[in-house]
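Trainee: Could you take me through the reading of a structure like this one, feature by feature? I would like the general idea before each case.

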Amino acid sequence: MSLSIRRALSVVALAAAGLAATAHAQEVLRVAASPVPHAEILEFIRPQLKAQGVDLQVKVFNDYVQPNLAVSDKQLDANFFQNRPYLESFNKDRKTDIVEVPGSDVHIEPFGAYSQKIRKASELREGAVVAIPSDPSNSGRALALLAREGLITLKDPSNIKSTARDIVANPKKLVIRELESAQLPRALPDVDLALINTNYALEAKLDPSKDALFIEDGRKSPYANFIASRKDNAASPAVAKLVAALHTAQVRRFIQDKYKGAVIPAF
């Protein structure tokens with residue numbers, strides 16, 4: 001074998017070894033997310049994280065319970081789907097210790113009311129059935145929105161954890177029906193009004209800016225969605241890179257362009 005051929009082979013071998021080392025150096029970061037918009041945003045930043053040595057693996061869930069349990073049980077490293085009131089309620093009810101990664105707010109999803117039977121809230125009949133989320137944080141959010149529209153009166157309108165027991169006036173005798181959040185879009189044909197989390201509305205091809213009869217003011221919302229993790233890895237380098245990648249001008253433009261106001265950047 002000639003010297004030039006041996007040198008060429010050596011170069012190829014060194015290059016292959018370098019690629020193998022680079023691949024080996026990729027740190028796996030497993031993140032749970034709701035399909036829309038959370039998983040879509042994470043997929044958008046995947047190439048950026050790969051270039052920084054982080055192999056982002058997104059596990060999609062269609063409910064609000066399993067993503068926290070999977071992180072708590074160390075099956076996954078972090079999640080991206082929830083807001084502070086929900087996390088506080090979940091930790092209290094489930095005796096878990098999931099934590100918010102500091103400074104990781106990504107976006108706000110204004111909560112809206114939808115109907116296939118009426119075109120404005122004033123058309124609600126007496127005794128109309130109104131579906132709201134069953135989990136405490138989102139049910140309180142739904143009731144607050146109904147109160148803002150004058151459909152009910154709450155004992156304390158500023159209490160984001162209000163329950164149906166806190167309704168002090170219900171002039172139209174609305175029947176409040178609590179359902180799992182993921183079921184609300186499917187329930188639309190069977191109820192007069194449904195208050196739906198924006199991620200589930202988007203999955204159901206509802207356009208909050210056009211289809212919602214009324215909707216939260218996203219600029220004044222305490223419901224920013226953030227990265228959550230465990231205390232043992234909330235400050236890990238990989239999670240820090242994830243948060244930094246989510247807080248770029250490119251991600252802000254992606255959210256604004258793709259969701260047209262249905263999802264609002266919170267950074």
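Mentor: Helices here are DSSP runs of at least four residues in state H or I, strands are E runs of at least two, and both are numbered from the N terminus. Please keep in mind throughout that this is a predicted model. Just after helix H5, for instance, Gly150 takes a positive phi of about 80°.

Trainee: What span does H5 reach from its first C-alpha to its last, and how many of its residues are buried?

Mentor: As a general idea, an α-helix has 3.6 residues a turn, so residues three or four places apart point the same way. In this model H5 runs over residues 136–148, and its 13 residues reach 18 Å from the first C-alpha to the last, close to the 18 Å expected at 1.5 Å a residue. The helix is mostly covered, with ten of its 13 residues buried; among them are Asn138, Arg141, Leu145 and Leu146. The charged end of Arg141 sits over the ring of Tyr223, 4.0 Å from its centre.

Trainee: Which residue does Arg30 form a salt bridge with?

Mentor: In general, side chains of opposite charge can pair when their charged atoms come close. The structure holds eleven salt bridges, and in one of these Arg30 is joined to Asp77, with the closest N and O atoms 3.3 Å apart. This pair links distant parts of the chain, since Arg30 belongs to strand E1 (residues 27–33) while Asp77 lies in the loop between helix H3 and strand E3, 47 residues apart. Arg30 is partly exposed at a relative accessible area of 29%, whereas Asp77 is buried at 11%.

Trainee: Which residue does the side chain of Lys161 meet in a salt bridge?

Mentor: Lys161 meets Glu88, at 3.6 Å from N to O. The two lie 73 residues apart, Lys161 in the loop between strands E8 and E9 and Glu88 in helix H4. Lys161 counts as partly exposed at 47% relative accessibility, and Glu88 is partly exposed too, at 48%. A further salt bridge joins Asp166 and Lys155 (3.7 Å, N to O); both residues are in the loop between E8 and E9, eleven residues apart. Asp166 counts as buried at 16% relative accessibility, but Lys155 counts as exposed at 59%. Salt bridges can also form a network, as they do in linking Arg84, Glu100 and Asp105.

Trainee: How should I read ring pairs, and is the pair of Phe44 and Phe254 stacked or edge-to-face?

Mentor: The angle between the planes decides, with those under 30 degrees apart counting as stacked and those over 60 as edge-to-face. The count comes to seven aromatic pairs. Phe44 and Phe254 form a stacked pair, 4.4 Å centre to centre with 20° between the planes. Because Phe44 lies in helix H2 and Phe254 in helix H10, the pair ties together parts that are 210 residues apart in sequence. Phe44 counts as partly exposed at 37% relative accessibility, while Phe254 counts as buried at 18%. Tyr64 and Tyr86, by contrast, form an edge-to-face pair, 5.7 Å centre to centre and with 65° between the planes.

Trainee: Are Tyr64 and Tyr86 buried or exposed?

Mentor: Tyr64 counts as buried at 9% relative accessibility, and Tyr86 counts as buried at 7%.

Terms used: Residues numbered from 1 in each chain as written. Predicted model: local features only at pLDDT ≥ 70, side-chain atom pairs only at ≥ 80, totals over all residues. Heavy atoms only, no water. Expected span 1.5 Å × (residues − 1). Buried < 20%, exposed > 50% of the residue type's maximum accessible area, 1.4 Å probe, protein only. Salt bridge = Lys/Arg side-chain N within 4 Å of Asp/Glu carboxyl O. Phe/Tyr/Trp six-rings, centres within 6.5 Å; stacked < 30°, edge-to-face > 60°. Lys NZ or Arg CZ within 6 Å of the ring centre and 35° of its normal.
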